[in-house]
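Student: I am new to this structure and would like a close look at a single part, the place where two chains meet. Could you walk me through that part and what lies around it?

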Protein chains: 4
Amino acid sequence: MKASNVIHPKPKTTSTSNKSLKPDHSAKSNERRREIVQAAYQTLAEKGFEGLRMREIAKRAGIDHSTLHYYFSGKEALIDGVVDHIVQDLAIGRPATQNVEVGPREQLAGHFNALIRQMEQTPEMFVVLVELHSRAMREPALRAIFAKNDRAWKGFLVETMEAGIQKDEFQATLVPEVAADVIISLVRGLSITFAGRAASMQRPLEQLLHWIEGEGSRSAAQRARR
Amino acid sequence: MKASNVIHPKPKTTSTSNKSLKPDHSAKSNERRREIVQAAYQTLAEKGFEGLRMREIAKRAGIDHSTLHYYFSGKEALIDGVVDHIVQDLAIGRPATQNVEVGPREQLAGHFNALIRQMEQTPEMFVVLVELHSRAMREPALRAIFAKNDRAWKGFLVETMEAGIQKDEFQATLVPEVAADVIISLVRGLSITFAGRAASMQRPLEQLLHWIEGEGSRSAAQRARR
Amino acid sequence: MKASNVIHPKPKTTSTSNKSLKPDHSAKSNERRREIVQAAYQTLAEKGFEGLRMREIAKRAGIDHSTLHYYFSGKEALIDGVVDHIVQDLAIGRPATQNVEVGPREQLAGHFNALIRQMEQTPEMFVVLVELHSRAMREPALRAIFAKNDRAWKGFLVETMEAGIQKDEFQATLVPEVAADVIISLVRGLSITFAGRAASMQRPLEQLLHWIEGEGSRSAAQRARR
Amino acid sequence: MKASNVIHPKPKTTSTSNKSLKPDHSAKSNERRREIVQAAYQTLAEKGFEGLRMREIAKRAGIDHSTLHYYFSGKEALIDGVVDHIVQDLAIGRPATQNVEVGPREQLAGHFNALIRQMEQTPEMFVVLVELHSRAMREPALRAIFAKNDRAWKGFLVETMEAGIQKDEFQATLVPEVAADVIISLVRGLSITFAGRAASMQRPLEQLLHWIEGEGSRSAAQRARR
DNA sequence: CATGAATGAGAGTTCATTCAT
DNA sequence: GATGAATGAACTCTCATTCAT
């Protein structure tokens with residue numbers, strides 16, 4: 001990188017979510033914005049923030065780089081768009097709440113499997129996530145976004161833990177909040193350690209699940225009996 | 001026709017480990033190099049790769065930016081220096097092997113505590129590590145360096161696991177390698193999730209330790225008796 | 001590890017004739033390119049390659065130096081443009097073939113006069129030519145361009161020599177190819193020796209013409225009779 | 001080239017011959033200076049002024065680049081040294097005056113042969129000469145040096161012409177000064193056109209010699225008889 | 001005498017951004 | 001709405017030169 005992105009630092013309006021600058025959300029316009037965000041997302045996955053260039057994003061989106069500035073007021077606004085996009089994907093990919101139809105153990109196992117599948121199918125997502133987490137360490141605004149996201153994730157996990165304990169599927173001594181933290185951070189760490197090798201995440205996650213069930217839990221005992 | 005001369009004369013040796021280019025450095029010179037790497041390290045922690053500027057590193061090191069090029073052939077070489085530095089620190093901060101004097105459980109607990117302390121005392125280190133891991137996802141050479149580092153770390157953990165199982169301090173059903181993977185990735189994830197809040201890492205790590213000990217292990221039983 | 005990103009991303013295609021990179025240029029754009037080449041040409045004449053600076057060329061062309069990079073991908077490409085320009089001028093300033101209307105002797109004399117006039121009117125051209133020939137001694141690609149140009153020039157001269165011999169205007173013993181070599185190199189040498197004093201080239205060129213005619217040639221005899 | 005030579009243009013003391021700045025010409029010191037000039041000469045031949053770097057010259061001379069500044073006050077002074085060197089070589093390689101022992105025709109033929117041999121043996125010399133002539137077009141001081149050199153060369157040639165005419169070895173109608181100009185410029189031009197192919201210079205020079213002798217001159221007649 | 005260290009001016013190049021069309 | 005042209009600030013890197021040792 002010769003010239004950097006951060007060239008014109010601008011007043012820095014704490015950024016990260018002052019969207020709504022362009023209120024004319026015609027359907028076509030919104031579609032274009034989505035395409036651009038997608039292009040930015042891919043570029044970010046491949047080059048990182050360090051190598052993220054407006055011109056490349058524009059080219060990938062099939063538009064002129066000037067046109068890009070028509071849809072997004074600047075690089076920061078575009079990055080905000082990418083963050084929004086990924087946060088939405090994250091929300092979609094995660095159960096909003098404990099499903100009463102399936103048991104907690106099954107639910108958690110399903111959650112883990114979903115994560116593994118996602119890493120197999122869209123590995124770029126995890127690359128971008130690490131990139132963003134890295135940036136979040138320096139940008140409070142972004143950190144706040146992830147914190148909020150984590151709270152939602154953790155909420156689901158805590159709910160699942162409590163249900164599991166109650167139904168005697170999980171270890172009784174489990175502290176739901178601590179277990180949720182372990183799950184979140186382990187997944188996060190695994191996506192770095194085993195980047196691009198989703199299959200390798202399986203056994204560690206299984207191990208975690210076993211621990212959560214505990215030796216004497218009903219489900220564990222049942223499975224042992226089988 | 002090669003129009004202008006010597007514009008970018010570097011053969012570009014794909015770099016990454018042609019250290020020893022400046023082998024016989026006087027003590028003072030080596031000291032300067034260390035200072036510069038330290039400055040680069042701090043700058044990287046604060047600005048990330050995205051905002052890493054030679055001029056700022058130089059200013060931080062208290063030298064002219066061209067002097068910086070006297071010590072390091074270019075930005076790449078300097079970054080290699082930072083990577084070397086952090087990898088060394090990593091090696092130093094980690095037990096090389098299982099200590100026979102203390103029990104495996106104590107050893108592991110000590111390891112976790114050391115990590116927490118390190119995150120309290122040098123939080124930048126973890127910021128830089130995430131930055132580097134992020135970059136490693138795109139750069140095989142860097143990935144290889146971390147892979148090697150992980151192997152050493154995992155080696156120690158596996159050894160500890162085996163010793164713990166043998167001495168009946170750890171769960172007998174434990175698969176040492178899987179447990180080691182869990183530990184490494186959990187620590188990695190925690191350093192992101194709880195960046196700057198080292199204390200919050202404690203309970204998740206304790207939970208992990210309990211799981212590793214298992215309910216019926218001797219040490220757990222002993223501690224329960226007390 | 002590729003430390004910094006995109007620092008020198010150019011694949012460096014060894015260049016020299018990847019023209020047509022910007023093929024479909026609007027008339028205005030092409031005009032600008034011509035202006036820039038002209039500015040580069042003038043700067044080269046005044047400062048030589050040694051003192052050729054992108055910023056000065058830009059200033060001379062009345063544009064920002066970064067705009068210059070909009071039209072030419074780099075210094076090399078710009079220099080290639082200058083070479084193209086001068087080679088074209090060279091081709092234009094030289095009869096493509098022997099004109100049947102005028103006699104060979106007259107044709108050659110006219111050629112010499114044209115050269116003298118050109119040196120009077122555009123002395124920079126010869127300065128640039130020497131600069132380029134100097135560079136060609138080290139750059140095979142440029143040498144090839146001049147070799148091609150020389151072949152065309154020599155072709156015309158050989159044709160003229162042959163016609164002159166046949167029409168008994170030139171010495172019968174003349175070896176056309178050798179004479180052509182003499183002409184080309186003498187002109188080249190005169191433009192150095194008498195740089196900026198075009199008039200001084202006249203007598204040497206007349207002497208050469210006399211020698212080519214020879215003592216007993218018809219035209220010489222005729223002129224002597226008059 | 002990124003940074004240029006001409007970086008610190010300095011008052012420009014019209015340069016080109018203010019030597020004697022370092023009066024302590026101990027034998028050893030003078031020897032060193034000669035070595036450095038030789039190194040600069042070679043580098044100039046290979047890279048041209050455009051690529052001439054003090055550090056490379058120093059390395060080639062086997063000394064530190066700082067030491068080079070001890071022997072030469074700066075780049076300009078060193079270049080002056082190279083010019084002096086080549087001008088001396090030029091003087092040595094050329095008969096100071098007409099040799100009465102051998103006939104003028106023989107003398108001239110010998111002169112041409114000597115030039116061809118020199119181009120075979122030390123082609124770099126001609127590369128450097130073109131480089132210097134190119135620069136002389138922009139630097140009056142250097143131009144003056146070459147003018148002086150040319151006067152000496154021309155003096156010898158005129159003398160030879162006159163002797164040849166008198167002894168009836170050369171064409172009676174020859175104008176010695178014009179013929180001398182032709183010789184000088186032809187040689188100059190040939191060294192460019194046939195750079196690195198000294199043998200190709202032979203026939204053009206023979207042609208010139210024949211013309212100078214003229215058809216009916218005694219020597220030509222004699223040779224024809226043989 | 002010689003050198004390692006340091007400097008500063010400036011080079012080519014990049015890139016986000018703006019503006020007129 | 002879209003684009004080609006233009007900008008300027010900032011970047012990495014180079015090099016002749018100087019200075020303390």
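Tutor: Here is a walk from the contact between two chains to the parts around it. This is a predicted model, in which local features need pLDDT of at least 70, side-chain atom pairs count only at pLDDT 80 or more, and totals for chains, interfaces and linings use all residues. Residues are numbered from 1 along each chain as its sequence is written, while chains are lettered from A and ligands numbered from 1 in the order in which they are written.

Let us start with the contact itself. On chain B, 34 residues are in contact with 35 residues of chain A; two residues are in contact if their C-beta atoms, placed from the backbone, lie within 7 Å. Two or more residues each come from α6 (123-136), α8 (176-193) and α9 (202-213) of chain B. These helices are DSSP runs (H or I, at least four residues), numbered from the N terminus. With 13 residues, α8(B) gives the most to this side of chain B. Sorted by class, the side has 16 nonpolar, 8 polar and 10 charged residues. Here Ala, Val, Leu, Ile, Met, Phe, Trp, Tyr, Cys and Pro count as nonpolar, Asp, Glu, Lys and Arg as charged, and the others, Gly among them, as polar.

How are the two chains related? The same surface serves both copies, as 94% of the contact residues of chain B recur in chain A.

Now look at α6 in chain A. In α6(A), 11 of the 14 residues are buried, so this helix is largely enclosed by the rest of the structure. A residue is buried if 20 or more other C-beta atoms lie within 10 Å of its own, exposed if 12 or fewer, and partly exposed in between. Among the buried ones are F126(A), L129(A), E131(A) and R135(A).

The largest nonpolar core has 103 residues, and I36(A), A40(A), I36(B) and A40(B) have the most contacts inside it. Such a core is a set of buried Ala, Val, Leu, Ile, Met, Phe, Trp, Tyr and Cys residues joined through C-beta atoms within 7 Å. Leaving aside neighbours within four places in sequence, I36(B) is in contact with I57(B), A61(B), L68(B), Y71(B) and F72(B).
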